[in-house]
Amino acid sequence: MSHVTEAPVVLKATGVKKYFAANAGLGKKKYVKAVDGVDIELHKGEIYGLVGETGCGKSTLGRTLMMLTEPTAGDIEILGQNVAELRGRELKDMRRKIQMVFQDPYTSLDPKQKVGDILMEALEIHGIGTREERLEIAMDIMHKMGLRTEHFYRYPHEFSGGQRQRVGLARALILNPEIIVCDEPVSALDVSIQAQIINLLQDLREKEDISLLFIAHDMSVVKYISDRIGVMYLGHLMEEAEGEALFADTLHPYSQALLSAVPEVNPHVHKERIMLEGDLPSPMNPPKGCVFHTRCPYAVERCSEVTPTLKEVKKGHRVACLRYEN
């Protein structure tokens, strides 16, 4: 959907890094380079899918973009404001505009609170309305999420996984945000429930013009829901393109391996599976040069010496690979 990239940018990250200090023994300190210099843009009304193996840093990137964890380096702009410069009331107001839906719909909800209180708490924190008005807003958002009035008085453990994720979505939407970061929101759910939540997210985008950063490791889900897709590996963005373009013409060897693992619907079509050699390197000690060169079938000596940058090789299609650098 090329028209989406012509819409205004609502979230822009430039050179974002997030390192975590780790004890390497004998008093030495090392750093886990969870996110290591990522540039990303999210446009108004866009669903941007972010994919990669477990441990590639995509969830950390999502939390860092929301300022749930402070970036080690880089700039993050939300709706034109540099969030690193915001403090106190300004930061609190910004948090209303960007919300998060977490992976586990059970542990992300307070088990000691009724669903109604969970929803109204966000309104209370931001000083929105009287108690009666908050009650009305909470009831309204529940009904929009397909929940019934009696659910307002129940505890999280009384719901199914899909219903709990609807509560999580309701909590994210109750403040009328412009951006929602979805951190693997369907991976803990059954396939039929996954489809319901994904369709709900698409309806929200269409009706409310909300922008979604959809983090997942399931390529088929990301293909179905996303306008653009970014592929992450070991803290780096390796490839980015519109959904259809990425699947039709995959350029990076890592993206090719990921896509080869997606099951083919047509039983008569044989797809060659690309098996990567070796294990995912440790983010505490990432390979020099291109971080993927230790597992890349096309790697040459130069790949271990030069770090490729994410460059546009076709319109709207960026890739970080020396094979595409002149």
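Which strands does helix α9 lie across, and at what angle does the helix run to β9? I shall begin with that question, and then turn to the sheet itself. Please bear in mind throughout that this is a predicted model.

Helix α9, residues 253–260, lies across β9 (228–233) and β10 (236–242). Its direction makes about 105° with that of β9.

Both strands belong to an open sheet of eight strands. The order across the sheet is β6-β7-β8-β3-β9-β10-β12-β11, and the pairing is mixed. At the edges stand β6 (98–101) and β11 (311–314). Each of these has a single partner strand, so one side of each is left without a neighbour in the sheet. On average, neighbouring strands are turned by 25° against each other, direction ignored.

As a general point, strands of a sheet pair through backbone hydrogen bonds, either parallel or antiparallel. In the present model, β3 (residues 47–51) and β8 (residues 211–215) run parallel and are joined by four bridges. Within this pair, L50 stands opposite I215 in β8.

Let us move to helix α1. How many of the eight residues of this helix are buried? The count is six, so helix α1, residues 58–65, is largely enclosed by the rest of the structure. The buried residues are K58, T60, L61, G62, T64 and L65. Just after α1 comes M67, whose phi is positive, at about 65°.

Leaving aside residues up to four places away in sequence, R318 touches D39, L237, M238, E239, E240, L310, K311 and E312. With D39 there is a polar approach as well: a polar atom of the R318 side chain lies 3.4 Å from the backbone oxygen of D39.

Rolling a probe the size of a water molecule over the atoms shows where empty space is left. Here, the structure holds two cavities of 30 Å³ or more. Which residues lie nearest the centre of the largest cavity? They are C290, C296, C303, C321 and L322, out of 13 residues that line this cavity. The space in the largest cavity amounts to about 90 Å³.

To return to the opening question, helix α9 lies across β9 and β10, and these strands are part of the eight-stranded open sheet. Thank you for your attention.

Conventions. Residues are numbered from 1 along each chain as its sequence is written. This is a predicted model: local features need pLDDT of at least 70, side-chain atom pairs count only at pLDDT 80 or more; totals for chains, interfaces and linings use all residues. Side-chain values use heavy atoms; hydrogens and water are left out. Two strands pair if DSSP finds at least two bridges between them. Helices (H or I, at least four residues) and strands (E, at least two) are DSSP runs, numbered from the N terminus. Axes are lines fitted to C-alpha atoms, for helices over the stretch in contact, and angles run from 0 to 180 degrees between N-to-C directions. Contact means heavy atoms within 4.5 Å. Buried means under 20% relative accessible area, exposed over 50%, partly exposed in between (1.4 Å probe, protein chains only). A polar contact is a pair of N or O atoms within 3.5 Å; within protein, one must be able to donate a hydrogen and the other to accept it, and residues adjacent in sequence count only if both atoms are side-chain atoms. On a 1 Å grid over the protein atoms alone, a cavity is a set of points where a 1.4 Å probe fits but cannot get out, and a pocket is an open set with protein on both sides within 12 Å along at least five of seven lines; lining residues have an atom within 4 Å of a point. Grid points are joined across faces, edges and corners, and a volume is the space filled by probe spheres set on the points.
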